[in-house]
Amino acid sequence: MQNKLTHLFEQHHRPILNMYCTAGYPELNSTGEVMKALQAHGADIIELGMPYSDPLADGPVIQFSNSIALQNGMSIAVLLEQLLQINPSMHIPVILMGYLNPILQFGMEKFCREASAAGVTGLIIPDLPMHEFENEYQDMFLQYGLCFIFLISPETSEARIRKIDTLGSGFIYAVSSSATTGQAIDMQQQEAYLARLKSLQLRNPILVGFGIKDHAGFSKISSYVQGAIIGSAYILALRSGGDISTITKEFVNTIREKAELPKTN
Amino acid sequence: MNFSVNEYGYYGNFGGAFIPEMLYPNVKQLQDSYIDIMEDPAFQLEFQQLLKDYVGRPTPLFFAEHLSKQWNTNIYLKREDLCHTGAHKINNTIGQVLLAKRLGKTRIIAETGAGQHGVATATVCALMGLPCVVYMGEKDMARQASNVARMKMLGATVVPVSSGSKTLKDATNEAIRDWINHAADTHYIIGSVVGPHPYPDMVARFQSVISAEIKSQLLERTGNELPTHVIACVGGGSNAAGAFYHFLNDDQVQLIAVEAAGCGIDSGKSAATTQLGTMGILHGSKSLLMQTADGQVTEPHSISAGLDYPGIGPLHAHLFESGRARFLWATDDEAMAAAMHLSKTAGIIPALESAHALHALTQLEWKPSDVVVICLSGRGDKDLDTYMKNLPS
Ligand SMILES: Cc1ncc(COP(=O)(O)O)c(C=O)c1O
């Protein structure tokens, strides 16, 4: 399956920066502005969170952006409408992250069809178990050309990682530690985990996320794997208020500063 | 019909384990070991001994004479209110804490609504010398203040939860997040038949002692181990699951679940999940759930903190869908009236949750030959503040 994600990982010449923002945050209609700013200022992938009332895997910062986005009136239907509008001006891959329940209520097939039509490349559904994925949805995602991105954690066994590597596509989302989003991470401990991930020589590229907030973290991770995902730190930056484009430019520049090339990939 | 879980944790269309990868190792370990541990004779010996000497089991099956006369039938109360700590919740916490020790866990967390499960968890942790953290919604901390004090006295840390509706659903979210952050050393003692597989089945098995005792007590009293009706309130559904368990395959026994209708089913302030809910996923399992058309979980309402939850366990969703159990409801006012009535006519002050089950007596037709067992899941001490506000002065 060739798509924007596979293309990106084949072509990339610098560490991949996947930037997360909750759709409909800080304003209902700021989704497009955030996406354009991220694309203009050097993000490689945009991951949009579909807000949910009960985001179990998220820490306080993303919980907060979820509840503001819901108050703002964001929903899957509204988001897909917004994406359809903005899609012609996006050339970097856009992926959607969300919990299963709102997607099921919207209808999984309708969701896949409309997301695909709105230019979405991949999905992250952290509470969709592998067994349900294989039984119910794998063929549907394939049919609509959507990558399915699995999470792994430092506790995930090698056998399970290998299975995920055969089932998933786009990239593998390696959670930095067994934690909810936005927790401080211990870089010392990270190195052993990163070295292990690298040594597995997986078919899929790996991006590491959860708790990465600065240039040091980003470049350390990128020296082992293809890149990293940043969410809570960016939401916090947006939360301080001000012009989205200016905040985004400063934020991405700070992360990118002198970021090294991966040694291998 | 089959009322046991299959290997993926499904009762019919409901159940499963919808959890993020960070919890997979813990949940998988539980799935793979809970039956073996529970069936181990050494475990059973320790569990049964504690149920007897510490909890005070078997709890009496009390023939409620006044109520029986009033309804011209035979009404028995299963006195879970006489369990140590005042509710059925401790049947499950004893079982799970013993299981946690066998899994090598050194820290216990729990969520609580009414505080009964929190107290029952804090109690067994004090007994076993394990640190205990209980998550509780701020609204519930205010309306169940005496239970907050009890948990603290028992040495537990009570963490106030201020997100969402500040009640049981949000306390459960925070407990799950804690578990994600401390997966290696922590066991999460879920307080009802909810959560990812194997929790619904595991908790139902620990609570099944209720119906096992009902059977043998009825046999002794009446010469027949089967009642015609078993009635229980349903928040998540653990006391109901325990009271129904050994009757699930006895079709002649009518199973009646009573949900909390709050201010009325159509008032917008209710917690009657089967009446208002649709299929969805909450706290790791697929079940019936109160939600918006967009799949956002709605905030329930009940005067009783233990029933103030927007979902029900997957077993109950299956009992509802298959028609094996009948689902009724009681409003806040009806539960209050039922509590006042039992207090005056039987000398038993019930928990507000259990009062919902008592209200079912007014909703059905009874025959003189019927044998009706009501699960009196807990006692009313924790609800005195609420009762006082409603007492005629
Ligand atoms: C006395 C009592 N009954 C019932 C419940 C509801 O729980 P479940 O439906 O799991 O029995 C509670 C919960 O706190 C309770 O304290």
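**Around the ligand**

Tutor: Let's start at B:His88, where a polar side-chain atom lies 3.0 Å from an oxygen atom of the ligand. This is a predicted model, where local features need pLDDT of at least 70 and side-chain atom pairs pLDDT 80 or more, while totals for chains, interfaces and linings use all residues. Residues are numbered from 1 along each chain as written, chains are lettered from A and ligands numbered from 1 in written order, and side-chain values use heavy atoms, without hydrogens or water.

B:Ser192 also places a polar side-chain atom 2.5 Å from a ligand oxygen, and for B:Ser238 the distance is 2.7 Å. Such polar contacts are pairs of N or O atoms within 3.5 Å. The protein covers 97% of the 390 Å² of accessible area that the ligand has on its own, using the Shrake-Rupley method with a 1.4 Å probe.

Stepping back, 19 residues surround the ligand, with B:Gly235, B:Gly237 and B:Ser377 among the closest; each has a heavy atom within 4 Å of it. By class, this shell has six nonpolar, 11 polar and two charged residues, with Gly counted as polar and Asp, Glu, Lys and Arg as charged.

The shell draws at least three residues from each of domain 1 (25-50 + 90-202) and domain 2 (56-86 + 208-390) of chain B, bounds that come from an automatic or database assignment. Between these domains, 31 residues of domain 1 of chain B are in contact with 35 of domain 2 of chain B, meaning heavy atoms within 4.5 Å.

Conventions:
A polar contact is a pair of N or O atoms within 3.5 Å; within protein, one must be able to donate a hydrogen and the other to accept it, and residues adjacent in sequence count only if both atoms are side-chain atoms.
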